[in-house]
Amino acid sequence: MAVSESARRRIIEWGRRALGLDVPPSDHTAAALHSVESEVPGLDRRETLQLARIRLLGATGVVIMAISALGVGAQPVRQNPTSGMRIFGFFARAHTSTLAMCMIGTVLVVMAWLLLGRFAVGGWGGNPRHRLSRSQMDRTLLLWIIPLSVAPPMFSNDVYSYLAQSEIAARGLDPYVVGPADGLGLNNVLTNNVPNIWRETPAPYGPLFVWMGKGIAIITGDNIIAGVWLHRLLALGGVALIVWALPRLSRRCGVAPVSALWLGAANPLVLLHLVGGVHNDALMLGLMLAGLEICLRAIEDTQPFGRRAWAILLFGTVVITLSSSIKIVSIVALGFVTMALARRLGGGIKTILVIGALLGAVALVTTLFITSASGLGFGWIYTLNTASAVRSYLSLPTAIGIATGFGGVLLGLGDHTTSLLSITRPIGYAIIASVIVRMLVATWTGRLHAAGALGVSLGATVLLFPVVQPWYLLWAIVPLAAWANRPIFRVPAIVLSVVVSLLVMPRGADFYVFQIVQSAIATVVVGLAFIFLTRNVLPWRNQPGVSAPSQEPTAYGVRS
């Protein structure tokens, strides 16, 4: 009897520690990612001049990229507006030179972003003595976004899949059952632009996005250029929501808004893949962060918590649900809203269940309305795993399964990669679930802010998801930018953003090896020469007043 009682106590103790219930706040693993930043003065005259040069450097880079997109961007196979034109068509004929242009432009953008970081987050550790203002950051971001907004799609052909799936819905067919080849035919102008791997697959996106795409298809028909423009407007709307929500969330966490915008919105991955690549992840992230900010406004700012607070909270819940109707992964944000509200109301498990049921009901009603109003049905539930057909080396479980399977081939044991993936991927899902549960508990107990806990959960999701595309890194980087400001997070996030931005080709693997090598050599030569020529006019090295450790002035207000 004593043995069983001892075992029961050990199990309970282990469970509480696994959930983070018995861990002191200062020792909480994820808490090491965050500290409260201090307010610092604005830039002086010399730094303002350097900022203008950095802004011009980034603008030059994105303009070069926009021009190079005429040749190496994801141009449509049919209805290419530059085809046959003497001047603009030159870039499509000179692939090596145009690829070098794109690489050089990318490097210039990355350089400008890193230099801008001197005035946003300082050096590798600590705050800057002087920080650029919000208006300076906004003008810089706008200047860097505009050229890519008018350029052809880059780094991905996904927008053409959006157009084909939307046209299927506009014709009254079910995009969650038939793919572009079956729904539109192989000779259709929209199908011709869809990559071969996706021509037979149904839409993997939520009903809201396909519904919006259906409206675009009704307006533009088979006009590819007009369709791409309207889809890019949706992506730009998502980026605008990120810019609106991110600084507000960062202030709640005691992080400088400019620091959060630099890492989360001015990030090269945002410019290259959300704006240039026209990905619907921009709208998903924007709605999720906006909904989270609205919900936290009700939970943290409203006194007392009455009808007005409930109205704001329910509206934020609807916005988060709209986000999940684009990509389902963002629905996890509702869990952290639930925990934050339960902590505010001071309730226990019963309170959590009641709030969860209420917000879940609102999310369910919203989803049912979108599904019924769009006429798309519930087929999207069965296509959520469509992308897992791709073996992505950025996914840790997939990479482990592939590497182990390859090792088996080398040892003469046969190719068991598929079987290994059926083991590693479920293990990844289990770890994701455990991390999310732990972060939910941390939010409820007040150990972590809801925005930070959400970012950590999405970080685990990105790391262990079966399929990880380069822009999926933003699922974690963007929300964490509002909360995680310690070097232990920022340094890896910066390194990943830079490496992935530089390694991804403008439109995939459509180039010969010699073209990539020659373009890379030219890029290295130009980059090193530029650094040498500007060594005295740009803040390449730590300078007094730029990234030296700051004093301890007033901290940014923390509301929770």
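**Helix packing and buried elements**

Helix 14 passes helix 15 in a right-handed crossing, a crossing being right-handed if the near helix is turned clockwise from the far one by less than a right angle, and left-handed if anticlockwise. The model is predicted: local features need pLDDT of at least 70, side-chain atom pairs count only at pLDDT 80 or more, and totals for chains, interfaces and linings use all residues. Residues are numbered from 1 along each chain as its sequence is written, and side-chain values use heavy atoms, with hydrogens and water left out. Helices are DSSP runs (H or I, at least four residues), numbered from the N terminus.

**Helix 14 with helix 15**

- Helix 14 (residues 333-345) packs on helix 15 (residues 349-374) at an angle of about 140°, with the axes 9 Å apart; axes are lines fitted to C-alpha atoms over the stretch in contact, and angles run from 0 to 180 degrees between N-to-C directions.
- Helix 14 is therefore oblique to helix 15, given that angles under 35 degrees count as roughly parallel, over 145 as roughly antiparallel, 65 to 115 as roughly perpendicular and the rest as oblique.
- On the helix 14 side, Leu334, Val337, Thr338, Met339, Leu341, Ala342 and Leu345 meet Thr351, Ile352, Ile355, Gly356, Leu359 and Ala363 of helix 15, where contact means heavy atoms within 4.5 Å.
- This contact of helix 14 with helix 15 comprises ten nonpolar, three polar and no charged residues (Ala, Val, Leu, Ile, Met, Phe, Trp, Tyr, Cys and Pro count as nonpolar, Asp, Glu, Lys and Arg as charged, and the others, Gly among them, as polar).

**Helix 11 with helix 20**

- Helix 11 (residues 268-275) and helix 20 (residues 487-503) have axes 9 Å apart and pack at an angle of about 40°, which means that helix 11 is oblique to helix 20.
- The crossing of helix 11 past helix 20 is left-handed.
- Pro268, Leu269 and Leu272 of helix 11 meet Ser497, Val500 and Ser501 of helix 20, a contact with four nonpolar, two polar and no charged residues.

**Cysteines**

- The structure holds zero disulfides (pairs of cysteine sulfur atoms within 2.5 Å).
- Cysteine 102 is buried, at a relative accessible area of 2%.
- Cysteine 253 is buried, with a relative accessible area of 2%.

Technical notes
Buried means under 20% relative accessible area, exposed over 50%, partly exposed in between (1.4 Å probe, protein chains only). Helices (H or I, at least four residues) and strands (E, at least two) are DSSP runs, numbered from the N terminus.
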